[in-house]
Amino acid sequence: MTMSSTAMVARRALTAASHGGHEGGARTWKILSFVLALPGVSVCMANCYLKMQAHSHDNPEFVPYPHLRIRTKPWPWGDGNHSLFHNQHTNALPTGYEGPHH
Amino acid sequence: MAHQAHAYHMVDPSPWPLTGAVGGLLMTSGLAIWFHFHSTTLMTLGLMLLLLTMYQWWRDIIREGTFQGHHTPPVQKGLRYGMILFITSEVFFFLGFFWAFYHSSLAPTPELGGCWPPTGIITLDPFEVPLLNTAVLLASGVTVTWAHHSLMEGERKQAIQSLALTILLGLYFTALQAMEYYEAPFTIADGVYGSTFFVATGFHGLHVIIGSSFLAVCFLRQVQYHFTSEHHFGFEAAAWYWHFVDVVWLFLYVSIYWWGS
């Protein structure tokens with residue numbers, strides 16, 4: 001199958017780029033890791049920290065909606081009424097939040 | 001010494017497929033026993049058997065490939081096809097959970113309040129920890145690519161560094177997700193919102209743990225000089241799997257965390 005000379009040149013350039021040249025590849029991705037990827041993570045970490053500080057900590061009032069906090073079958077652990085990642089502070093039971101103060 | 005007149009690998013008889021199957025049987029029936037009779041013995045036994053099977057089966061493959069030279073180019077090609085087919089099957093696995101999510105959220109029923117998110121559900125802010133998780137996985141995709149190029153160029157120390165960084169990012173994601181699971185104002189029992197959220201993200205998290213483990217094995221192998229600059233398929237398979245895990249997260253983030261909030 002023959003190709004135009006332009007197509008041949010383009011194909012060679014793309015092949016070189018994807019193989020990262022003879023010594024460019026690892027260095028390129030190392031630079032990307034430390035200049036783009038990891039700083040990106042740091043920025044998002046800072047953003048999270050700032051946003052969490054600005055939160056109010058009160059839970060909304062408890063409403064016993066029938067479509068939430070479903071208990072068709074008890075869980076096979078504990079008293080069967082607490083999910084695996086149950087959090088007393090943020091997760092109400094079907095009867096309401098646990099403990100005197102949430 | 002016997003010789004073969006072809007480049008393929010006729011594998012020696014092995015007990016691991018049988019022990020794996022028995023392990024699977026004990027785990028599944030053990031799960032049912034746990035649910036109905038509150039005993040975890042059978043399930044634990046099955047889990048032990050499965051873990052032992054995985055360790056010994058994959059150890060044998062490493063012996064056959066790295067030390068005995070059975071992984072010729074045609075054999076490697078077959079392994080590549082195998083990994084691609086496996087990942088494809090996993091794509092379909094996740095497709096099912098996305099189907100469930102979109103089915104429930106595009107036409108929310110009256111019981112939920114006719115809206116999505118359902119009445120009473122406080123969703124997570126997509127621009128807090130979920131966004132950080134996205135950055136973490138994308139960064140790990142960059143570092144694993146750095147690792148691959150390092151391997152291909154024979155840069156041993158860089159390969160070890162970049163692989164370690166990738167694994168740490170994977171562990172960081174898992175830790176962040178575990179914290180999110182604990183802090184979330186909704187649980188798996190909160191109707192179809194809770195079910196779709198925790199089943200889809202939960203299976204994803206499991207795949208992150210599997211992917212991180214796969215990369216960790218590659219890390220140990222690289223330290224022990226198993227890989228060459230031309231032949232490192234185990235690493236490539238791990239990297240493919242890791243990219244797949246990253247892509248699934250991107251779909252989860254856009255669909256469930258962002259659009260669904």
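1. The largest cavity has a lining drawn from both chains. Chain A gives Arg69(A), Arg71(A), Trp75(A), His82(A), Ser83(A), His86(A), Asn91(A), Ala92(A) and Leu93(A). Chain B gives Thr187(B) and Ala189(B). Bear in mind that the model is predicted.

2. That cavity holds about 50 Å³ of space. Its lining divides into four nonpolar, five polar and two charged residues. How many cavities of 30 Å³ or more are there? The count comes to one.

3. Next, the open sites. The largest pocket has a volume of about 1700 Å³. Its lining counts 41 residues. Those nearest the centre are Met54(B), Trp58(B), Ile61(B), Phe214(B) and Val217(B).

4. Which helices supply at least two residues each to the lining of the largest pocket? In chain B they include H2 (41-67) and H3 (73-106). By domain, at least three lining residues come from each of domain 1 (1-70) and domain 2 (72-258) of chain B.

5. Two or more lining residues come from each of helix H1 (16-37), helix H5 (156-183) and H6 of chain B. H6(B) gives the largest share, eight residues.

6. Why does the second largest pocket lie between domain 1 (1-70) and domain 2 (72-258) of chain B? Both domains give residues to the lining, so the pocket lies between them.

7. Chain A has two helices and zero strands. Of its 102 residues, 25% are buried. Among its contacts with a separation of 6 or more, 36% join residues 24 or more positions apart. The accessible surface of chain A comes to about 7500 Å². Carbon and sulfur atoms account for 63% of that surface.

Notes
Residues are numbered from 1 along each chain as its sequence is written. Chains are lettered from A and ligands numbered from 1 in the order in which they are written. This is a predicted model: local features need pLDDT of at least 70, side-chain atom pairs count only at pLDDT 80 or more; totals for chains, interfaces and linings use all residues. Side-chain values use heavy atoms; hydrogens and water are left out. On a 1 Å grid over the protein atoms alone, a cavity is a set of points where a 1.4 Å probe fits but cannot get out, and a pocket is an open set with protein on both sides within 12 Å along at least five of seven lines; lining residues have an atom within 4 Å of a point. Grid points are joined across faces, edges and corners, and a volume is the space filled by probe spheres set on the points. Helices (H or I, at least four residues) and strands (E, at least two) are DSSP runs, numbered from the N terminus. Domain bounds come from an automatic or database domain assignment. Buried means under 20% relative accessible area, exposed over 50%, partly exposed in between (1.4 Å probe, protein chains only). Contact means heavy atoms within 4.5 Å. Accessible areas come from the Shrake-Rupley method with a 1.4 Å probe; for residues, only the protein chains shown count as cover. Ala, Val, Leu, Ile, Met, Phe, Trp, Tyr, Cys and Pro count as nonpolar, Asp, Glu, Lys and Arg as charged, and the others, Gly among them, as polar.
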